[in-house]
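Look at the structure first, then read on.

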Amino acid sequence: MSHTDPVVPSTAPLAPEQVASLNSLIKGLQADQLLWIEGFISGLRAGSGAPTPAAAATVATPELTVLYGTESGNSEALADLTTKAAKASGFKAKAVNMADIKVAKLKDMENLLVIVSTWGEGDPPETATDFYEDFMGDKAPKLPNTRFSVLGLGDTSYEDFCKMGKDFDARLEALGARRVYDRVDCDVDYDDDFAKWHKGALAVLEAEAKPAATEPAAAPTAAAVAPVKYSRKNPFPAELNERVMLNGEGSAKETIHLEFNLEGSGLTYEAGDALAVVPHNAEDVVDDFIQTTGLDPESPVLIKEQDYTLHQALTSQLDITSISLPVIKRYNEIAKDAKLEKLLDPAHKAELQDYIYGREIIDLLHEFPAKAITADALVGIMRKLPPRLYSIASSPKAHPGEVHLTVGVVRYDAHGRNRKGVCSTYLAERIAEGEKADVFVTPNKHFKVPANGDAPMIMIGPGTGIAPFRAFVEERKAIGAKGKNWLFFGDQHYLTDFLYQTEWQDYLADGILTKLDLAFSRDQKEKVYVQDRMRENGQELYAWLEQGASFYVCGDASRMATDVDVALHDIIEQEGGLSKDDAVAYVKKLKDDKRYLRDVY
Ligand SMILES: Cc1cc2nc3c(=O)[nH]c(=O)nc-3n(C[C@H](O)[C@H](O)[C@H](O)COP(=O)(O)OP(=O)(O)OC[C@H]3O[C@@H](n4cnc5c(N)ncnc54)[C@H](O)[C@@H]3O)c2cc1C
Ligand SMILES: NC(=O)c1ccc[n+]([C@@H]2O[C@H](COP(=O)([O-])OP(=O)(O)OC[C@H]3O[C@@H](n4cnc5c(N)ncnc54)[C@H](OP(=O)(O)O)[C@@H]3O)[C@@H](O)[C@H]2O)c1
Ligand SMILES: Cc1cc2nc3c(=O)[nH]c(=O)nc-3n(C[C@H](O)[C@H](O)[C@H](O)COP(=O)(O)O)c2cc1C
């Protein structure tokens, strides 16, 4: 195409002589020459000097990073979805795990979307800890050229709801980055909030970055036309093949071993992954709800555009136990109770936490009855029933088509009521062998047996923490890995609580397990824990680490994992003849090398 006629209109915001000279310049130009000029002018406008002809001929595709921090894979899955959506909007987008990059790299990121979950009590996900510490500290670079938005994943039943999302959001702003879309904090039922956030944030970034080209839609792949894909959104109904009580008679513990059938599901997993189970609530708790409110169990209710009876909704759709600040707030909009109002006042935060501890929603209904509550109003105060995660206790190589779990059943008394954990008691008593439970796999990419089959492996797994190590040892046996394996296990009593005792003894006899150290805490006057056994074996443990061993911990996060960490530091300091700081650096190197891995809850 050539332009033979003047094209700049006289209405342009230019002097008449400028219009004339522009028209004379444009006259007769070819399309590629016009494009060059367009690039040249936009280069001038951006203050970056004249572009090269090549750069001017094609407008660069803007880059976008979706930075995620995850422990159980939710943030990663959402980061992948966001990356795909960003590509479809014309960005050169990539998802980056906080576990895999240094904080200094942030300064290269002009368009940044952060998706991060919160763990422990307001802590970062295990694998994002180093990144988070550097990010909050002096190592973080200034980010004047960064546009960002943050999605926090969390759970309203925790006091520090979405703390990581909040911290990342505030810190990015403090580092000079510009928030282009407000942070969204998600509860366990995050699909709608996520959809709104990623569409909104991408639209703003797209408008600002003006991406030139939209990547062509990918051709349909074999996966896209695959029949049914079971996932978090579409869990697989897995048949319970077997349930075995692992504790002996007289034990204070109730730990069950479960075997589910995955045949025909297409679900795959690796030793170290977790299985999510979607439970049903207990019948007696549902009945108590219905009696207390006086509502008809057959009342129709609508949840996310699906019809249920009230009874169905309370049984399989709603979290009818977890009591949290948002739940109490929503309930009090109906109950309008002065005492609750006072508890909800931010000045009484500590009293509210006191009230919440050991209580469930049923206590609210009893203690602060709401007159004439409707079925819809009752349903409206609760969130969706969240699935529970369990560390998988089997290797698929040893048990093809099956997945095994080790579940500690939660029962306790509080405020005059017998309480039961929703999912652990569902697995213990509300599904029978031959019945099905909805499940899906949540991969844990970092918690895997050493890639080098010759490397030694040290496993610390008291109580249900034993689960992934049963899978690890099965895996190493199945692949013929020659590396040494050392297990530390502990529970209350040798006679009743030695989980999978015969399996470990067989592995020891076969030489698959090189060493087994046991800490039965209540078989003697003084408590003995796994970390005491570690200390007794400090010299050898350090020698294994020096030989390249990986060190794994699974089980209780709040006390055990912390105490084991202290013991590990002490052993390294003592046996390595190192200073405290050097021992810290040694452990940090283990973590950096992905040789100190934890799956704690
Ligand atoms: C990655 C991961 C892996 C896991 N792996 C395993 C595993 O292999 N095996 C396993 O058994 N569990 C495992 N868990 C824990 C599991 O997900 C569930 O949290 C557990 O089964 C309890 O769920 P529930 O539905 O039975 O109890 P819920 O209904 O969720 O009730 C538990 C809640 O009850 C309250 N509570 C419990 N005891 C008391 C008490 N004495 N006083 C007052 N309040 C109390 C607490 O608020 C607690 O959070 C894992 C968790 C994660 C995150
Ligand atoms: N987040 C959740 O929703 C959730 C749900 C279920 C379980 N959990 C956690 O998972 C853990 C596993 O439960 P579990 O019943 O299988 O086993 P457990 O309670 O961890 O007990 C296993 C063994 O560890 C001992 N132990 C207690 N404190 C310890 C410490 N500081 N260091 C090392 N060992 C210690 C226990 O001894 P004593 O009992 O004699 O002290 C027992 O011998 C629970 O403790 C709980 O915190 C969390
Ligand atoms: C042991 C444990 C501790 C948790 N602690 C918190 C917390 O302190 N605050 C919060 O908002 N959410 C908390 N959560 C909820 C997680 O953030 C939530 O499940 C999230 O979806 C996990 O995302 P991820 O799979 O990307 O790690 C916790 C969950 C577990 C299992």
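## Shell of ligand 2

By class, the shell around ligand 2 has 7 charged, 6 polar and 4 nonpolar residues. The model is predicted. In total, 17 residues surround ligand 2. Thr464, Ser521, Arg522, Tyr529 and Asp556 are the closest. Strand 18 (485–491) and helix 21 (560–575) are the elements that each give two or more residues to this shell.

## Polar contacts of ligand 2

Arg522 places a polar side-chain atom 2.7 Å from an oxygen atom of ligand 2. The side chain of Gln531 has an N or O atom 3.0 Å from a nitrogen atom of ligand 2. Asp491 uses its backbone: a polar atom there is 3.1 Å from a ligand 2 oxygen. Ligand 2 taken alone exposes 870 Å², and the protein buries 74% of that.

## Shell of ligand 1

Ligand 1 is surrounded by 19 residues. The closest are Leu389, Tyr390, Thr406, Cys423 and Ser424. By class, 11 are nonpolar, 6 polar and 2 charged. Strand 12 gives the most to this shell, with 4 residues.

## Polar contacts of ligand 1

A polar backbone atom of Ser391 is 3.1 Å from a nitrogen atom of ligand 1. In Gly408, a polar backbone atom is 2.8 Å from an oxygen atom of ligand 1. Tyr412 brings a polar side-chain atom to 3.3 Å from an oxygen atom of the ligand.

On its own, ligand 1 has 980 Å² of accessible area, and the protein covers 69% of this. Strand 12 (388–391), strand 13 (402–408) and helix 15 (422–430) are the elements giving two or more residues to the shell.

Notes:
Residues numbered from 1 in each chain as written. Chains lettered and ligands numbered in written order. Predicted model: local features only at pLDDT ≥ 70, side-chain atom pairs only at ≥ 80, totals over all residues. Heavy atoms only, no water. Near = heavy atom within 4 Å. Polar contact = N/O pair within 3.5 Å; in protein donor to acceptor, adjacent residues only side chain to side chain. Areas by Shrake-Rupley, 256 points an atom, 1.4 Å probe, with all protein chains shown as cover. Nonpolar A, V, L, I, M, F, W, Y, C, P; charged D, E, K, R; others polar.
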